[in-house]
Amino acid sequence: MKLVKLLANLGYGSRKQVAWMFREGRITDADGEVLYADDRVAHAAIRVDGEPLDPPQGLTLLLHKPTGYTCSTKDTGRLVYDLLPPRFRLRAPVLSTVGRLDRETSGLLLFTDDGQLLHRIISPKAALPKVYEATLAQPLRGDEAALFASGTLVLESETTPLLPAALEVVDPTHARLTIVEGRYHQVRRMFAAIGNHVVALHRSRIGGLSLGDLPEGQWRPLDATDLTTLFG
């Protein structure tokens, strides 16, 4: 791929803007030698304003999402894309969220520009477990774990029962819930169905992948080992 098209696809600007960056000498190799648009250089050796080039297509990110951010590119207010380098929103193929967390839910959120990987993660066949930490308005009654595990709970306005989910009681108003589906506001609606209200919600794990020590609001790229962990 020509360097102008490569940088444009990575979101550094339109092809016209990227061509201008070449003319200004802002695109160099690892040794600081100015590159030209028709040069052939390994991706890892390209620098933009002295910084390594962003990863090529196949980029997958893990973000520690704070509350107050929406998983969208178009809504008003604070968006999860505001926590990433601005050019990431302009990449082609698009860097999409893998599923969503609502505005008031924090925790592990994935992004990818790999459509096959995205569908593999969210596919019902994958049944990847997702772990949520819930803070509740009312103390737990004691029968919630059995009900959630029964596979008989039907959410309001739905007709298909939920798949069995595992509830671990942390203390009377805190619970850890593991689900394998991704229905709309599922965790909040599950607790609402038993007369309780979720006042805070945090996703701590997807598959075998956790946030580790990643600070809130920060992100990191995933490598092949991470993806093996995710599906492991």
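Hi everyone. Two strands count as paired here if DSSP finds at least two bridges between them. Keep that in mind, because this cut-off of at least two bridges decides which pairs I can show you. By that rule β7 and β10 are a clear pair, with seven bridges joining them in the antiparallel sense. One more thing before I go on: what you see is a predicted model.

Let me start with the whole protein. There are six helices and 12 strands, and the C-alpha trace spans about 70 × 35 × 35 Å along its principal axes. Of the 232 residues, 42% are buried. The accessible surface comes to about 12,400 Å², and carbon and sulfur atoms hold 53% of that. For those of you who think about charges, we have 27 positive and 27 negative side chains, with the centres of the two sets 6 Å apart. And if we take contacts with a separation of 6 or more, 60% of them are between residues 24 or more positions apart.

Which residue of β10 stands opposite Tyr132? That is Arg203. β10 also pairs with β6, this time in the parallel sense and over three bridges; there, Thr105 has Leu201 as its bridge partner. Then comes β11, residues 209-210, which pairs with β10 in the antiparallel sense over two bridges. With at least two bridges needed for a pair, β10 and β11 still qualify with their two. In that pairing, Arg205 stands opposite Ser210. The hairpin of β10 and β11 has two residues between the strands, and Gly207 takes a positive phi near 55 degrees.

Next, the inside. Nonpolar side chains in soluble globular proteins tend to be buried together. Here the largest nonpolar core has 33 residues, and Val80, Phe111, Phe148, Leu177, Met190 and Phe191 are those with the most contacts inside it.

What does Met190 contact beyond its neighbours within four places in sequence? The list is Phe148, Leu153, Leu155, Leu162, Ala165, Leu177 and Ile179.

Arg189 sits in helix α5. Leaving out residues up to four places away in sequence, Arg189 touches Leu155, Glu156, Ser157, Glu158 and Tyr184. Leu155 is therefore a contact of Met190 as well as of Arg189, both within the 4.5 Å heavy-atom cut-off. Glu156 is 33 residues from Arg189 along the chain, yet their C-alpha atoms are separated by 7.9 Å.

Last stop: another sheet. Three strands form an open sheet in the order β1-β2-β3, with antiparallel pairing. Its edge strands are β1 (27-29) and β3 (51-52), each pairing on one side only. β2 covers residues 46-48 and is joined to β1 by three bridges. Within that sheet, Thr28 stands opposite Arg47 in β2.

As a reminder for reading any of these sheets, strands pair through backbone hydrogen bonds, either parallel or antiparallel. To close where we began, β10 pairs in the antiparallel sense with β7 and with β11, but in the parallel sense with β6. Thanks, everyone!

Note on methods: Residues are numbered from 1 along each chain as its sequence is written. This is a predicted model: local features need pLDDT of at least 70, side-chain atom pairs count only at pLDDT 80 or more; totals for chains, interfaces and linings use all residues. Side-chain values use heavy atoms; hydrogens and water are left out. Helices (H or I, at least four residues) and strands (E, at least two) are DSSP runs, numbered from the N terminus. A nonpolar core is a set of buried Ala, Val, Leu, Ile, Met, Phe, Trp, Tyr and Cys residues joined through side-chain atoms within 4.5 Å. Buried means under 20% relative accessible area, exposed over 50%, partly exposed in between (1.4 Å probe, protein chains only). Accessible areas come from the Shrake-Rupley method with a 1.4 Å probe; for residues, only the protein chains shown count as cover. Lys and Arg count as positive and Asp and Glu as negative; His and the chain ends are not counted. The place of a charge is taken as NZ of Lys, CZ of Arg, CG of Asp or CD of Glu.
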